[in-house]
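I opened this structure to note down a few things about its spaces and its helices. These are my entries, in the order I looked things up.

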Amino acid sequence: MTTAATRHSDRRISPVFLGILAVTAVTGWATWTGFAELPGVAVFLFVTAAWIVSLCLHEYAHARTALHSGDISVGAKGYLTLNPMKYTHALLSIVLPVVFVIMGGIGLPGGAVFIERGRIRGRWRHSLISAAGPLTNVLFAVVCTAPFWLGALDGVPADFRFALAFLALLQVTAAILNFLPVPGLDGYGVIEPWLSHGVRRQVEPFAPFGLLFVFALLWVPAVNGVFFDVVDSLLGALGIHEIETSCGYHLFRFWQDTNGVCSVSS
């Protein structure tokens, strides 16, 4: 198994990613301390920056797993630097997922890094590369929900708690949607190596439209309701109440009047 035939510079963390981390830290601190004059702006920046961090880690997980599975080209492509501008489709990988969050509070997956699958041998390795991304969202969700299911919220400011709850919702929705066996999404990538060549050939033309299909389906009220019932049930099992994610979403959309739905800066 090839492990790391890349230059050190190919693995150096990008200043762009470090900058996003810095924004996450500063706005998280501002949300926690109430330093920001407009709490909603701080929450918006904190959640957005943290969401982009998770997107970068999602793509990095794909690339890193591919590297150790035999695709040594990922280093030269800049995928190991965590720089979102190095992705095959930066617009799909970063911009659109952020737009989806703003529009509907859904952690819809974005584009992907380009893996040279011909370099990789073994169906399990192909499946693991596809699964690595959404598994990162699962891990991120565990981290975000840990204070809730560990009962470690004493003294945590309401604004920060709501922001963390909303960020957890984004990670859970991203994990669920990514694992759907829809062409173009990671879930299909997990099962694709196990399908016959004929089935893969028939499905391949639909891959570019898989993400759009899921997005359109979520606009159907009945489907949207069932989807968020599942999400709320999972979050509830992890100690996050629906009102907390709702307040986080209202704070995130600071440009809208919350009509006193949530008590901020309390």
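**Entry: the second largest pocket**

I looked up the volume of the second largest pocket and got about 230 Å³. The model is a predicted one, and I keep that in mind throughout.

Next I asked which residues line the second largest pocket. I found Gly-104, Gly-105, Phe-166, Leu-169, Phe-228, Asp-229, Asp-232, Glu-242, Thr-245, Ser-246 and Tyr-249. I sorted this lining by class and got four nonpolar, four polar and three charged residues.

Then I checked where the lining comes from. Helix 5 (158–178), helix 9 (221–237) and helix 10 (242–252) each give at least two residues to it. Helix 10 has the largest share, with four residues.

**Entry: the largest cavity**

The largest cavity holds about 30 Å³ of space. Its lining is made up of Ala-30, Thr-31, Gly-34, Phe-35, Ala-36, Pro-39, Ala-42 and Asp-159. Helix 1 and helix 2 are the elements that supply two or more of these residues. By class, I noted five nonpolar, two polar and one charged residue in the lining of the largest cavity.

**Entry: helix 1**

An α-helix has 3.6 residues a turn, so residues three or four places apart point the same way.

Helix 1 covers residues 15–33, which is 19 residues. I read 27 Å from its first C-alpha to its last, close to the 27 Å expected at 1.5 Å a residue.

Which residues of helix 1 are buried? I listed Phe-17, Ile-20, Thr-24, Thr-27, Gly-28, Ala-30 and Thr-31. They lie on the same side of helix 1, because they cover an arc of only 160° around the axis. On the face turned away from that buried side I found the exposed residues Pro-15 and Val-26. I also checked what the buried residues of helix 1 pack against, and the partners are helix 2 (39–69) and helix 5.

**Entry: Thr-24**

Why does Thr-24 count as buried? Its relative accessibility is 15%, and the cut-off for buried is under 20%. Leaving aside neighbours within four places in sequence, I found Thr-24 in contact with Phe-46, Ala-49, Ala-50 and Val-53.

**Entry: Phe-140**

I moved on to Phe-140, which lies in helix 4 (residues 123–149). Phe-140 counts as buried because its relative accessibility is 18%. Again I left aside neighbours within four places in sequence. The contacts of Phe-140 are then Ala-50, Val-53, Ser-54, Leu-57, Leu-167 and Gln-171. Ala-50 and Val-53 are also among the contacts I noted for Thr-24.

Phe-140 and Val-101 are 39 residues apart along the chain, and their C-alpha atoms are separated by 16 Å.

**Entry: Leu-82**

My last stop was a loop. Leu-82 is found between helix 2 and helix 3 (90–104). Is Leu-82 buried or exposed? I noted it as buried, because its relative accessibility is 7%. I then looked up its backbone. Phi of Leu-82 is near 65°, a positive value in a residue other than glycine.

Key: Residues are numbered from 1 along each chain as its sequence is written. This is a predicted model: local features need pLDDT of at least 70, side-chain atom pairs count only at pLDDT 80 or more; totals for chains, interfaces and linings use all residues. Side-chain values use heavy atoms; hydrogens and water are left out. On a 1 Å grid over the protein atoms alone, a cavity is a set of points where a 1.4 Å probe fits but cannot get out, and a pocket is an open set with protein on both sides within 12 Å along at least five of seven lines; lining residues have an atom within 4 Å of a point. Grid points are joined across faces, edges and corners, and a volume is the space filled by probe spheres set on the points. Ala, Val, Leu, Ile, Met, Phe, Trp, Tyr, Cys and Pro count as nonpolar, Asp, Glu, Lys and Arg as charged, and the others, Gly among them, as polar. The expected span of a helix is 1.5 Å times one less than its number of residues. Buried means under 20% relative accessible area, exposed over 50%, partly exposed in between (1.4 Å probe, protein chains only). The arc is that of the directions from the helix axis to the C-beta atoms. Contact means heavy atoms within 4.5 Å.
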